Amino acid sequence: MSAGHIDTLLSLWATSLLKHGDEPPFSNHAELYNTIDSTPLGDVPWEVFNLKYDGALPENEVPSWMTSKYDVWFRDPRSVLRNVLSNPDFDGEFDYAPYQEYDVSGNHRFQDFMSGNWAWKQAVRVLFYHILLFFLNNLLG
């Protein structure tokens, strides 16, 4: 996401938090970048690749984006996640496993990503797959 878009997103976030008397965690893209770059264990290097549109071009007035090359900068998501999970500053700050919570009336309470249905279904699917493999291995071998 471009710096300008990050600033716009943070501004929108700040506006939504005004009614709660709260502020977003970063005031602008520079503060976000500085936090990312100064995070302990954040030694994952930046990488880059180039993109260019390679589809059909219109006969008249070709938009500049169709002929331009774009740099895409990123850090390896697996390495970043590994660093976050190993960072003691995050200990106890987020859930590592999916969970479901219900109130006394039996209504599902959604708190964050790991309390959602998608995360739960992924965990159940993986668990079911491993149980099935275990039984198949015992039956066949």
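**From charges to strands**

Guide: The 9 positive and 19 negative charges of the protein have mean positions that lie 9 Å apart. Lys and Arg are counted as positive and Asp and Glu as negative, while His and the chain ends are left out; each charge is placed at NZ of Lys, CZ of Arg, CG of Asp or CD of Glu. The model is a predicted one, in which local features need pLDDT of at least 70 and side-chain atom pairs count only at pLDDT 80 or more, whereas totals for chains, interfaces and linings use all residues. Residues are numbered from 1 along each chain as its sequence is written, and side-chain values use heavy atoms, without hydrogens and water.

The protein holds 4 helices and 4 strands, where helices (H or I, at least four residues) and strands (E, at least two) are DSSP runs numbered from the N terminus. Their order from the N terminus is α-α-β-β-α-β-β-α. The radius of gyration is 22 Å, well over the 14 Å that the globule rule gives for 141 residues, so the protein is more spread out than a compact globule. This radius is taken over C-alpha atoms, and the rule is 2.2 Å times the number of residues to the power 0.38. Along the principal axes, the C-alpha atoms fill a box of roughly 65 × 50 × 35 Å. Of the 141 residues, 11% count as buried, a term for under 20% relative accessible area, with exposed meaning over 50% and partly exposed in between (1.4 Å probe, protein chains only).

Phe49 belongs to strand β1 and, at 36% relative accessibility, is partly exposed. Asp71 is 22 residues from Phe49 in sequence, yet their C-alpha atoms are 5.8 Å apart. Leaving aside residues up to four places away in sequence, Phe49 touches Tyr70, Asp71, Val72 and Phe74, a contact being heavy atoms within 4.5 Å.

Strand β2 covers residues 69–75 and includes Arg75. Arg75 is buried, as its relative accessible area is 16%. Its side chain reaches the backbone oxygen of Val44 at 3.5 Å. Such a polar contact is a pair of N or O atoms within 3.5 Å; within protein, one must be able to donate a hydrogen and the other to accept it, and residues adjacent in sequence count only if both atoms are side-chain atoms.

Glu61 lies in the loop between β1 (46–52) and β2. Although Glu61 is not a glycine, its phi is positive, at about 45°. Glu61 is exposed, with 78% relative accessibility.

Phe113, in the loop between β4 (108–109) and α4 (117–140), is exposed at 56% relative accessible area. Phe113 touches Trp118 and Ala119, again without residues up to four places away in sequence. Ser38, in helix α2 (residues 29–38), is likewise exposed, with a relative accessible area of 54%. Ser38 and Pro98 are 60 residues apart in sequence and 29 Å apart from C-alpha to C-alpha.

For the chain as a whole, 35% of the contacts with a separation of 6 or more join residues 24 or more positions apart.
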